[in-house]
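Here's a quick briefing to read alongside the model. Have a look at the chains first, then work through the points below.

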Amino acid sequence: MLLYIYYLVLSLNIIIVIKKLGGNMKLGFLVDLNLCMGCKACEIACKVENEVPLSSWRLRVKYIDIGTFPDTSRSFTPLRCNHCESAPCERICPVSALHYLDNGIVNIDSSRCIGCAGCMMACPYGAIYMDPESNTADKCTYCAHRIEGGLMPACVVACPVEANIFGDIEDETSQISHYIMEHQGDVQVRKPEKHTDPKHFYVGGGNQTLNPLAHERIEGYGLFNNITHLKEIGDTHHSMLDRFLNPIFGGHNDHLKNESFVDMPNDASHEEGGH
Amino acid sequence: MDHVSTIEATKAVVTLDVPLPGIIWGWMITLNMWAKSIGTGVILVGAYLLYRHKKEDMPNLRWMMPLISFIALNVFLLFTLLDLHQPLRMVNIFFHPHWTSAITVGAWMASLFTGLVTLMLAIGLLDAFPEVGRHLGIAKTIRGKTALYEKVFPFVVFLAFPVTMYTAIIMAEASARELWAAPAEVIQMLLAAFMVGSASFILIAGKWSESVRKDLSWILMLSVLFSFLMYMGEYFFSFKASEVEATLAYVHSGGEYFVQFWSAMIMGYIIPFFIAFSSLKNENRTMMRFAAVLTFIGLYLAKSTWLEIPQMLSLS
C-alpha cells in the first residue's frame, strides 16, 4: 500500500516538473527603440515569410517626427500583435479561430475564421487585418510555425542591430528576461490602461511614440500620399450580394484584364481624414 | 508645407506609415442593428399592448406582430450573413461555438427567437385566414395547435430582451472602441426597440381603439425622450477616457458625422417627441405616422453615426 502511495506521489511530482518545464513557457517580445534605425528589414522579412498580401501588414514600422526644426528627432516604432495574456480578440472570436497556444502565443486558425471582423474591432492595437486573398482575419503569430521548428521569428533574424529580442519571459535566464531586468523603469507596453496584459515590450519608448493619440497624422505626408484610410478592408467585393450582382452590373474583373497595377486607376485614396 | 509650421513644437507627427483600415463595420451592421430593434421591438410593445388591452381593440395584432417581427428578423439575419467575409462558414458558430463571445451567444439566441416567431406567425396567419391552405396537411396540423401560440409567447417576450441587447455586449467586447460602453449601449438598444416597435404599430394602428393608439404615443414619446437624453449625456459629458474624448472631439469639430448625428437627433428624436406629445391631447393620425417614419430614419442615422465614429480613430 505504501509503495502505491509512493509511486502516486512520485508520478504527480514528475507531472508537475514537466508542466513547469514545458507548459509554463510564456513567449514575449521586446523592441529596443534606442537601437531601431527604421530600416524596415523586419517588415519585409515578415511579409516574405508569411506571404502577407499587398495592402496588409502583420508588422509595420511607423516613423514619427518630434519637435520643430532644427530641434527635431525621428523615432521608429515597430508595431505588431502584442500577444496579450487577456486578449480581447480571443474573447470576441465566435468560433475560436483566435486561440492561445501553450507557449502564450495568440494564434489564428484561418480555416475556421468566418470573417466577422469582431477581432479587428476588439484589438486595441489595430494589429489584425482582413486578408484580401483568403477573406479571413490574420495577424502576427510570432512566426509560430518557425518556433515549432526551433527557429526564431523572421523579423528577429532580419534585424541588423538586434533591436528585436524574443524569448521566454518566464525563464529568468533568457535574454529577454535579462533585458527586462537590466532596463527596469524603461520597459513599457502599449495602452496598459486596457488591462490586456501585453507580452510585447518596448525599451526607449515614450508617450509620443507609443500613444497614437499623442501624435498627429497629416494627410499627404507619408509614403502613400493622401492616403490615411484604406477605402475597404480586404476584398471590396467579398459579400454574397456582390457575387450575385457582379455578373449583372459588372464587377471587379479588372484584374483579369491584361494591364499592370500601374495602369489602373488608384481608387484606394479616401478623402475621409483621420485626426 | 505651410500647415506643418502650425503644428505645436511638442506635438509628434507621423511621417511614414501604412494606411489605416477606416470603417470596418459599416452600413450592413447598422442595418443589422436597426432591423433587429424592429424585430424585437414589436414583440416587446405587442406584449405590453396585449397585457393592457383587449384583443378586440387590436384585431390584427395576433398575426401582424409576428409578421413584422419575422420580416425584420430575416433582414437582420440576411445582412449579418452578408457582412461576413466568409458567409458560408457561419455554421462554424453552431459547430465550433466559443461561449465567451457575445457574437456566439447572440447568434444562438437570435436563431431560437426567429424560430419561435416563425411558429407564432404560422399559427397567427392560419388562424386569421381560415381559407389559406385549407387542404394542406401541414396547415391542418398547425391549426390543430392554435393554443401553442399563447404558450410560446411568454418565452418569445422573455427572449426578446437579450436578443435586442446582445449587440451592446458585442460592442462592449470590442474593447478597442471605448465609446461603446456596455451599460449605456444596453439601455440604448432597449430604448431603440421600444421606439421602432411602437413606430411600427403606429403605422398599422388605423383601426385599433383610441386607447391603444394613445398608449403607442406614450411609448414612442417616452422612449425617444430617454434615448435622446442618453445621447446628449454621452455626446456632451462622456469625457472620461481619452479615446472617447478624441472621438467626440472629432464629431464636435464638424464634418459629415456632425451633420449626420444632429440630423438623426432632430428627425428621429426631437420631432417625434413633440408630435407624440401633442397627439396625446389632440390625436392626428397622419402626423403620428409621419413621426413613426421619422423615427425609423432617425434611429438608422443615429446608429450609423455611433457605430462609425469610433472607427475613425487611429489605434496604433
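**Chain B and its partner**

Among contacts in chain B between residues at least 6 apart in sequence, 78% link residues at least 24 apart. Bear in mind that this is a predicted model.

**Chain B on its own**

- Chain B has eleven helices and one strand.
- Reading from the N terminus, the order of elements is β-α-α-α-α-α-α-α-α-α-α-α.
- Its C-alpha atoms take up a box of roughly 80 × 55 × 25 Å along the principal axes.
- As for burial, 49% of the 316 residues of chain B count as buried.

**Where the chains meet**

- On the chain B side, 46 residues are in contact with 62 residues of chain A.
- At least two residues each come from β1 (12–16), α3 (92–95), α4 (102–128), α6 (147–173) and α9 (242–252) of chain B.
- The most comes from β1(B), which puts in five residues.
- Sorted by class, the side of chain B that touches chain A has 26 nonpolar, 14 polar and six charged residues.
- Within β1(B), B:V13 sits opposite A:D65.

**Confidence in chain A**

- Chain A has a mean pLDDT of 81, with 71% of its residues at 70 or more.
- Residues 17–22 of chain A stay under 50 in pLDDT, and the model gives them one contact beyond four places in sequence.
- Residues 251–275 of chain A are also below 50, but that stretch has 28 contacts in the model beyond near neighbours in sequence.

- As background, most residues other than glycine have a negative phi.
- You'll find A:E51 in the loop between α2 (41–50) and β2 of chain A.
- A:E51 counts as exposed because it has 8 other C-beta atoms within 10 Å, and the cut-off for exposed is 12 or fewer.
- A:Y142 isn't a glycine either, yet its phi is positive at about 55°.
- The loop between β7 (137–138) and α5 (144–148) of chain A holds A:Y142.
- Is A:Y142 buried or exposed? A:Y142 has 26 C-beta neighbours inside 10 Å, so it counts as buried, the cut-off being 20 or more.

Conventions:
Residues numbered from 1 in each chain as written. Chains lettered and ligands numbered in written order. Predicted model: local features only at pLDDT ≥ 70, side-chain atom pairs only at ≥ 80, totals over all residues. Contact = placed C-beta atoms within 7 Å. Helix = DSSP H or I, 4+ residues; strand = E, 2+ residues; numbered from the N terminus. Nonpolar A, V, L, I, M, F, W, Y, C, P; charged D, E, K, R; others polar. Pairing = 2+ DSSP bridges. pLDDT = per-residue confidence, 0-100.
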